[in-house]
Amino acid sequence: MTRKQLKNLRRAQQGELDAVLMYNALADTVTDPADAETFRKLAAEEGRHGSVFFRYTEQIVKPRRTKAVLLPFLYRVLGRKITYRLIAKGEYDAARVYEHLIPAFPEVESIRADEQRHGDTVKALLARHVPVKKRIVRAIILTTGLLALAGCVYFTLSHRRHSRR
Ligand SMILES: [Fe+2]
């Protein structure tokens with residue numbers, strides 16, 4: 001094994017361990033129980049991937065919490081759709097990076113296929129129907145916001161007219 005190969009494998013191992021923390025943190029954060037269950041399963045698979053890379057590197061890598069903090073934050077601020085799209089993109093990117101490792105490390109092929117499937121799985125969560133109750137709440141929030149904005153605009157315009165007199 002070359003130094004560069006070892007470095008790439010260690011980076012892959014790091015990514016897998018980080019993903020375990022990320023998916024578990026997301027499972028603790030998301031409101032949809034089905035999403036949470038999916039993320040727990042993905043976390044377990046990423047853990048298995050980590051152990052495959054460990055067999056190659058024979059080095060212990062410490063997981064980093066960055067994504068486990070960032071993604072739940074994005075979920076809260078930007079919402080489910082954008083966050084899940086980002087996660088799916090991350091999985092597809094990982095699959096592409098792993099392609100280069102497969103010739104020298106054939107076990108990576110099944111991991112690559114898993115990452116591709118993970119991307120599809122996370123994307124598929126978005127295709128699921130959003131409960132009617134949630135849609136109504138969202139519509140009320142949006143309407144209230146628009147009314148408040150219209151009120152502000154109206155107040156500003158009428159105030160301006162008054163002060164001109
Ligand atoms: Fe993985």
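## Exercises on helix packing in a predicted model

Asp-114 touches Glu-45 and His-49, leaving aside residues up to four places away in sequence; two residues are in contact if their C-beta atoms, placed from the backbone, lie within 7 Å. The structure is a predicted model, in which local features need pLDDT of at least 70, side-chain atom pairs count only at pLDDT 80 or more, and totals for chains, interfaces and linings use all residues. Residues are numbered from 1 along each chain as its sequence is written.

### Exercise 1

Determine where Asp-114 is found and whether Asp-114 is buried or exposed.

Solution. Asp-114 is found in helix α5; helices are DSSP runs (H or I, at least four residues), numbered from the N terminus. Asp-114 has 20 other C-beta atoms within 10 Å and is therefore buried. The scale is as follows: buried means 20 or more other C-beta atoms within 10 Å of the residue's own, exposed means 12 or fewer, and partly exposed lies in between, with C-beta atoms placed from the backbone. Asp-114 and Glu-46 are 68 residues apart along the chain, and their C-alpha atoms are separated by 9.0 Å.

### Exercise 2

Describe how helix α2 and helix α5 are arranged, and which residues meet.

Solution. Begin with the axes, which are lines fitted to C-alpha atoms over the stretch in contact, with angles from 0 to 180 degrees between N-to-C directions. Those of α2 (residues 33–57) and α5 (residues 108–127) come within 11 Å and cross at roughly 165 degrees. α2 is therefore roughly antiparallel to α5, the label for angles over 145 degrees. The crossing of α2 and α5 is left-handed, that is, the near helix is turned anticlockwise from the far one by less than a right angle. Next, the contact: Asp-35, Thr-38, Leu-42, Glu-45, His-49 and Val-52 in α2 meet Ile-111, Asp-114, His-118, Thr-121 and Leu-125 in α5. By class, this contact of α2 with α5 has 4 nonpolar, 4 polar and 3 charged residues. Here Ala, Val, Leu, Ile, Met, Phe, Trp, Tyr, Cys and Pro count as nonpolar, Asp, Glu, Lys and Arg as charged, and the others, Gly among them, as polar.

### Exercise 3

Characterise the packing of helix α4 against α5.

Solution. The axes of α4 (residues 80–99) and α5 are 8 Å apart, at an angle of about 165 degrees. α4 is therefore roughly antiparallel to α5. The crossing is left-handed. Among the residues making the contact are Tyr-84, Ile-87 and Ala-88 of α4 and Ile-111, Gly-119 and Val-122 of α5. By class, the contact of α4 with α5 has 12 nonpolar, 3 polar and 6 charged residues.

### Exercise 4

State the crossing angle and handedness of helix α1 and α3.

Solution. The axes of α1 (residues 3–29) and α3 come within 8 Å and cross at roughly 35 degrees. α1 passes α3 in a right-handed crossing, the near helix being turned clockwise. Asp-18, Leu-21, Met-22, Ala-25, Leu-26 and Thr-29 in α1 meet Lys-67, Ala-68, Leu-71, Pro-72 and Tyr-75 in α3. This contact has 8 nonpolar, 1 polar and 2 charged residues.

### Exercise 5

Locate Glu-58 and Glu-107, and classify the exposure of each.

Solution. Glu-58 is found in the loop between α2 and α3 (66–78). Phi of Glu-58 is near 55 degrees, a positive value in a residue other than glycine. Glu-58 counts as exposed because 8 C-beta neighbours lie inside 10 Å. Glu-107 lies in the loop between α4 and α5. Glu-107 is partly exposed, with 13 other C-beta atoms within 10 Å.

Terms used: Helix = DSSP H or I, 4+ residues; strand = E, 2+ residues; numbered from the N terminus. Parallel < 35°, antiparallel > 145°, perpendicular 65-115°, else oblique.
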